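Me: I am new to this structure and would like to learn how to read it. Could you take me through it slowly?

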Amino acid sequence: MSRFAELLGVKYPIMQGGMAWIANASLASAVSEAGGLGIIAAGNAPPDVVRREILQTRERTSKPFGVNIMLMSPYADEIARLVMDEGVHVVTTGAGNPARYMEGFKARGIIVIPVVPSVALAKKMQKVGADAVIAEGMEAGGHIGKLTTMAMTPQIVDAVRIPVVAAGGIGDGRGFAAAFMLGAQGVQIGTRFLLAHECTIAENYKEAVIGANDIDTAVTGNITGHPVRVIRNAFSRRLGEYEFVTKEQRTEAAKKVEELGAGALKRAVDGDLAGGSLMAGQISGLVNKRQSAAEIIEELVSECRAALAGAQSL
Ligand code: TUI
């Protein structure tokens, strides 16, 4: 039994990461059907595309699911309006501060769970009415902050009264159990779900995750102020060339990296293994099995139970 799972209206306190271009109706509905909270990622998509995914998810499951709003999207305002109109059960946000939408979400009874990269933002989110926060460490794939899950989670747990969800670097039941030990009430998992049968990314993206070991991810785009963790490839090395430039070259380099980076995730999702950004977390080295979303969730839960029970003997 989990009070946090009850808040979400699901069986297990497992949220699926809101992975842009990846987390669609196929994945989200499978995760929700399996007892977790499936999330549709809006990413940079326009509202009509996201609405279609919401409707498709509703056709596939009657269980609760959420929508992730990527706040750097040019459509963020319209997506916020859409989730309000559609009465989506849960909203998660990433890559920014969702305070300006909070009143509208709360007025419609939407559960809001922002991703935060620091104690300060966690406190701010509590103040404006967030129902929980996701402490996402820099082990995670995609756009990341500076702190690790291990160091950040207990500091946020101590700083706020609302539930904290741990994310970043969690790929099996041991990580799930560790999140509880850090004071979290749930987990958000992304990388592990890349290998779900219901995840519709290109086969060779999945193969790259299976092939990646512990040191095969790298952080690109530091110079732009929006660092992004990916599996190292020709494209990440190309971006890396712009990381070490003189002060005078920085503005130009940042512009170039932004330019090259636009559309890079979409390219990877479509199977461009060398020329795309294969976003994935540090836990990729541990994520090696293709399974259904239901198998992933059942395994996470049974391993977590075993890890928690085994800890008694330590
Ligand atoms: O958002 C993510 N992960 C993402 S978004 C994304 S799409 C993208 N692609 C290229 C560049 C930028 C975005 C791919 N992966 N995770 C949640 C997350 N949120 N990580 C870090 C943050 C964050 C950072 C700063 C949240 C809030 C924040 O606040 C700054 C402020 O405004 O106070």
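Reply: We will look at the ligand and then at one helix. This is a predicted model, in which local features need pLDDT of at least 70 and side-chain atom pairs count only at pLDDT 80 or more, while totals for chains, interfaces and linings use all residues. Residues are numbered from 1 along each chain as its sequence is written, and side-chain values use heavy atoms, with hydrogens and water left out.

Me: How many residues surround the ligand, and which are the closest?

Reply: A residue is near a molecule if one of its heavy atoms lies within 4 Å of it. Here 14 residues surround the ligand, the closest being A95, G96, V115, E136 and H143.

Me: Which polar backbone atom is 2.9 Å from a nitrogen atom of the ligand?

Reply: That backbone atom belongs to H143, and in E136 a side-chain N or O atom lies 3.0 Å from a nitrogen atom of the ligand. Of the 720 Å² that the ligand exposes when taken alone, the protein buries 73% (accessible areas by the Shrake-Rupley method with a 1.4 Å probe).

Me: How many residues of helix 2 are buried?

Reply: Buried means under 20% relative accessible area, with a 1.4 Å probe and protein chains only, and helices are DSSP runs (H or I, at least four residues) numbered from the N terminus. Helix 2, residues 25-33, has eight of its nine residues buried, among them A25, L27 and V31. At its N-terminal end, N24 caps helix 2 through a side-chain oxygen 3.2 Å from the backbone nitrogen of S26, and helix 2 is followed by G35, whose phi is positive, near 105 degrees.

Note on methods:
Polar contact = N/O pair within 3.5 Å; in protein donor to acceptor, adjacent residues only side chain to side chain. Buried < 20%, exposed > 50% of the residue type's maximum accessible area, 1.4 Å probe, protein only. Helix = DSSP H or I, 4+ residues; strand = E, 2+ residues; numbered from the N terminus.
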